[in-house]
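Please keep the sequence and the model in view while reading.

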Amino acid sequence: MTTHLTVTSAEQVTPEVRRLWFRSDDLSAFAESRFTDRYVKLVFPRPGVDYPTLDMRELRRSIPAEDLPVVRTYTALFPDVAAGTLAIDFVVHGDEGVAGPWAAAAQPGDTLLVNGPGGAYRPDADADWHLLVGDESAMPALTAALADLAERAPDAVVRVVLLVEGPDSEPALELPPGAELTVVHRSSGGSIVEAVRALEWLPGRVHAFVHGEAEETMHGLRPYLKERGLARDQLSISGYWRRGRSEDGFREWKRDLAASEEDPAS
């Protein structure tokens with residue numbers, strides 16, 4: 001479903017993360033959304049291009065690829081269907097990218113077009129313990145997962161490993177009583193892979209959510225979690241971004257990775 005959002009306010013979650021609050025006349029698409037990794041596709045029209053529609057499927061059939069709007073994927077936080085409000089956290093790196101600079105400059109009254117939501121993960125309240133791992137890009141989904149556990153399973157045992165730039169970049173996460181947080185600092189050479197491997201592996205059935213930079217998650221953490229014997233239904237893992245690549249280039253990388261894993265000769 002395509003939804004128009006209007007910026008109502010902004011707050012700085014960390015030096016690198018800006019949270020924008022939005023209002024919409026219609027958030028009905030979120031009414032049945034229970035996933036804590038719920039995401040939306042943000043649509044950024046290219047300057048000077050007149051679009052007959054902003055339905056991406058229609059546009060792909062009718063205009064040149066270079067004129068298509070830029071689409072970026074972000075987690076939607078705290079959707080309130082009755083109030084028509086939600087928030088989106090943007091990692092901002094100066095003038096780098098499309099969505100980050102837009103978010104850095106956004107003011108109340110600015111509008112944004114989104115498609116969605118989608119999603120696939122929600123913490124299993126019956127799991128013996130939970131492993132939540134990510135960097136700034138995964139922080140919104142981790143925030144939502146922690147809030148969900150606090151509501152549905154307040155006694156849940158949770159281990160959170162978060163990679164951020166440095167001490168000033170640590171967010172104020174609200175942790176359930178049974179949660180322990182390990183923060184790794186990128187600026188001092190900290191490794192999220194080493195931090196996860198150093199965790200005490202608790203007994204019982206774990207439900208894990210592991211997302212962030214693709215090299216670290218898919219090539220660094222996934223082999224270790226496979227060694228630990230996690231079944232497919234125990235693990236949500238993927239790269240949210242790839243160092244040195246735009247989202248468009250990252251999609252190509254993910255397609256290549258999937259194809260290589262399906263090819264037994266590779």
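## The open sheet

In this predicted model, 5 strands make an open sheet with parallel pairing, in the order β9-β8-β7-β10-β11. Helices (H or I, at least four residues) and strands (E, at least two) are DSSP runs, numbered from the N terminus. Two strands pair if DSSP finds at least two bridges between them. The edges are taken by β9 (179-185) and β11 (235-241); each has a single partner strand, so one side of each has no neighbour in the sheet. On average, and ignoring direction, neighbouring strands of the sheet are turned by 10° against each other. Axes are lines fitted to C-alpha atoms, for helices over the stretch in contact, and angles run from 0 to 180 degrees between N-to-C directions.

Strands β7 (residues 129-134) and β8 (residues 158-164) run parallel and are joined by 5 bridges. L131 is placed opposite R159 in β8.

## The barrel

A further 6 strands close into a barrel with antiparallel pairing, in the order β1-β2-β5-β4-β3-β6. From one strand to the next, the twist averages 45°.

## Helices α3 and α5

Helix α3 (residues 139-152) also lies across β7, β8, β10 (206-213) and β11, at about 160° to β7. Helix α5 (residues 214-227) lies across β7, β8, β10 and β11 as well, running at about 160° to β11.

From its first C-alpha to its last, α3 reaches 20 Å with 14 residues, close to the 20 Å expected at 1.5 Å a residue. The expected span is 1.5 Å times one less than the number of residues. Of the 14 residues in α3, 10 are buried, so the helix is mostly covered. Buried means under 20% relative accessible area, exposed over 50%, and partly exposed in between (1.4 Å probe, protein chains only). Among the buried residues of α3 are M139, L142, L146, D148 and L149.

## Two backbone details

Most residues other than glycine have a negative phi, and most peptide bonds are trans. F78, in strand β4 (residues 70-80), has a positive phi of about 50° although it is not a glycine. F78 counts as partly exposed because its relative accessibility is 34%.

The peptide bond from G116 to P117 is cis, with omega near 10°. P117 belongs to strand β6 (residues 111-118).

## The whole chain

The protein chain contains 6 helices and 11 strands. Its C-alpha trace spans about 55 × 50 × 35 Å along the principal axes. Buried residues make up 47% of the 266 residues. Among contacts with a separation of 6 or more, 68% are between residues 24 or more positions apart.

## Notes on the values

Residues are numbered from 1 along each chain as its sequence is written, and side-chain values use heavy atoms, without hydrogens and water. In this predicted model, local features need pLDDT of at least 70 and side-chain atom pairs count only at pLDDT 80 or more, while totals for chains, interfaces and linings use all residues.

Note on methods: Contact = heavy atoms within 4.5 Å.
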